[in-house]
Amino acid sequence: MLPLDGRLTAGASAVLVCGLALVVVVFWWEVRAIVDSPWPRLKALEALATTLALFLLLFAGAYFLLEHTAPGSFSEPLTKTDSLYFTLTTFTTVGYGDITARSQPGRVLAMCQMLGGLLLVGVAAKILAGAVQAGLRRRDRDLGDDFPHGRRNQR
């Protein structure tokens with residue numbers, strides 16, 4: 001039922017699925033760290049940078065593997081730099097011109113990255129903002145315990 005022509009290997013697919021699971025695990029670990037951090041805003045920036053870097057490197061690696069396991073999947077052979085370039089072009093929605101996905105697995109992979117990028121920007125940002133708010137509430141509650149009644153506002 002999937003629009004694949006069978007050129008994507010099971011190994012490459014497994015690496016992609018495991019990599020995506022790792023991105024989700026790292027993201028949730030970072031969310032928990034934000035809530036417990038004394039500096040939740042700074043921790044949220046770190047979490048976003050870490051998660052985004054993992055996501056982009058995962059797809060760059062997947063494009064590189066796809067091109068080398070199924071040559072001709074893209075309009076030109078992909079080096080590691082070309083794979084990262086294609087990944088960033090897809091993520092930023094700048095548009096293609098020089099490198100395009102030609103094979104069905106290449107296009108499906110690009111669509112997965114597009115959807116994942118939208119989720120990362122939209123849903124992840126909402127989750128991170130909630131974690132920051134929870135961390136700030138926890139920090140304020142902890143700081144409130146250090147001040148006798150009524151002295152908290154005199155900081």
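Colleague: Is Lys80 buried or exposed?
Modeller: The relative accessible area of Lys80 is 63%. Under 20% counts as buried, over 50% as exposed, and anything in between as partly exposed (1.4 Å probe, protein chains only). So Lys80 is exposed.

Colleague: What pLDDT do local features need here?
Modeller: Residues are numbered from 1 along each chain as its sequence is written, and side-chain values use heavy atoms, with hydrogens and water left out. This is a predicted model: totals for chains, interfaces and linings use all residues, side-chain atom pairs count only at pLDDT 80 or more, and local features need pLDDT of at least 70.

Colleague: How many helices does the protein have?
Modeller: Helices (H or I, at least four residues) and strands (E, at least two) are DSSP runs, numbered from the N terminus. The elements run α-α-α-α from that end. The secondary structure comes to 0 strands and 4 helices.

Colleague: How far is Lys80 from Leu65, C-alpha to C-alpha?
Modeller: Lys80 lies in helix α3. Along the sequence, Lys80 and Leu65 are 15 residues apart. In space, their C-alpha separation is 9.5 Å.

Colleague: At what angle do α2 and α3 pack?
Modeller: Two packed helices are described by the angle between their axes and the distance between the axes. Axes are lines fitted to C-alpha atoms, for helices over the stretch in contact, and angles run from 0 to 180 degrees between N-to-C directions. The axes of α2 and α3 (residues 80–92) are 8 Å apart. The angle is about 125°.

Colleague: Which word describes α2 relative to α3 at that angle?
Modeller: Angles under 35 degrees count as roughly parallel, over 145 as roughly antiparallel, 65 to 115 as roughly perpendicular, and the rest as oblique. So α2 is, relative to α3, oblique.

Colleague: Is Thr89 buried or exposed?
Modeller: Thr89 has its place in helix α3. Its C-alpha is separated by 9.4 Å from that of Ile99, 10 residues away along the chain. The relative accessibility of Thr89 is 10%, so Thr89 is buried.

Colleague: How many salt bridges does the whole structure hold?
Modeller: Side chains of opposite charge can pair when their charged atoms come close. A salt bridge is a side-chain nitrogen of Lys or Arg within 4 Å of a carboxyl oxygen of Asp or Glu. A search of the whole structure gives the number 2.

Colleague: Which residue does Lys43 meet at 3.6 Å?
Modeller: That distance, N to O, belongs to a salt bridge. The pair links distant parts of the chain, 13 residues apart, with Lys43 in helix α2 and its partner in helix α1. Lys43 counts as buried, at 17% relative accessibility.

Colleague: Which residues are linked in a network of salt bridges?
Modeller: Lys43 also meets Glu46 in a salt bridge (2.7 Å, N to O). Those two sit 3 residues apart in helix α2, so about one helical turn separates them. Glu46 is partly exposed, at 39%. The network links Glu30, Lys43 and Glu46.

Colleague: Which residues form a nonpolar patch on the surface?
Modeller: Patch residues have over 30% relative accessible area and no salt bridge; like charges are joined within 9 Å, nonpolar side chains (Val, Leu, Ile, Met, Phe, Trp, Tyr) within 5 Å. Accessible areas come from the Shrake-Rupley method with a 1.4 Å probe, and for residues only the protein chains shown count as cover. The patch has about 400 Å² of accessible area together. Its members are Trp39, Leu42 and Leu45.

Colleague: What is the relative accessible area of Trp39?
Modeller: Trp39 lies in the loop between α1 (10–36) and α2 (40–69). Trp39 is exposed, with a value of 58%.
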